[in-house]
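Please look over the sequence and the model shown below before reading the explanation.

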Amino acid sequence: AIYDVVGRQVKLFEDGIIGPGQYTLMWNGIDDKNRKVSSGVYFCRFVTGDQEEYHETKKFIMIKSSR
């Protein structure tokens with residue numbers, strides 16, 4: 001899931017069982033309500049397992065293009 005700087009969930013990508021493997025996540029800056037998000041700091045949180053056996057959070061900056 002993607003969260004904004006105050007902790008609100010912006011986008012949920014998968015919620016369910018996915019088989020083991022290597023995956024790539026790409027986000028186009030559109031939230032769950034099909035709106036473009038603002039420029040700013042966001043966090044991507046990856047969680048596996050029923051009891052959050054593994055989790056990782058990455059911080060990134062979304063910069064909107066002027067085009």
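The model is predicted: local features need pLDDT of at least 70, side-chain atom pairs count only at pLDDT 80 or more, and totals for chains, interfaces and linings use all residues. Residues are numbered from 1 along each chain as its sequence is written, and side-chain values use heavy atoms, with hydrogens and water left out.

Asp4 belongs to strand 1, which spans residues 2-4. Strands (E, at least two residues) are DSSP runs numbered from the N terminus, as are helices (H or I, at least four). Asp4 counts as buried because its relative accessibility is 12%; buried means under 20% relative accessible area, exposed over 50%, and partly exposed in between, with a 1.4 Å probe and protein chains only.

Which side chain forms a polar contact of 2.8 Å with that of Asp4? The partner is Arg8. A polar contact is a pair of N or O atoms within 3.5 Å; within protein, one must be able to donate a hydrogen and the other to accept it, and residues adjacent in sequence count only if both atoms are side-chain atoms. The side chain of Asp4 also reaches the backbone nitrogen of Val6, at 3.1 Å. Beyond its neighbours within four places in sequence, Asp4 is in contact (heavy atoms within 4.5 Å) with Val10, Val41, Tyr42 and Phe43.

The aromatic rings come next. The structure holds four aromatic pairs. Rings of Phe, Tyr and Trp (its six-membered ring) pair if their centres lie within 6.5 Å; planes under 30 degrees apart count as stacked, over 60 as edge-to-face and the rest as tilted. Trp27 and Tyr42 form an edge-to-face pair, 5.7 Å centre to centre with 70° between the planes. Trp27 lies in the loop between strand 2 (9-11) and strand 3 (40-48), and Tyr42 in strand 3, so this pair ties together parts 15 residues apart in sequence. Trp27 and Phe60 also pair edge-to-face, at 5.9 Å centre to centre and 80° between the planes. This pair links distant parts of the chain, since Phe60 lies in strand 4 (residues 54-62), 33 residues from Trp27.

Finally, the largest nonpolar core has seven residues: Ile2, Val10, Trp27, Val37, Tyr42, Cys44 and Met62. A nonpolar core is a set of buried Ala, Val, Leu, Ile, Met, Phe, Trp, Tyr and Cys residues joined through side-chain atoms within 4.5 Å.
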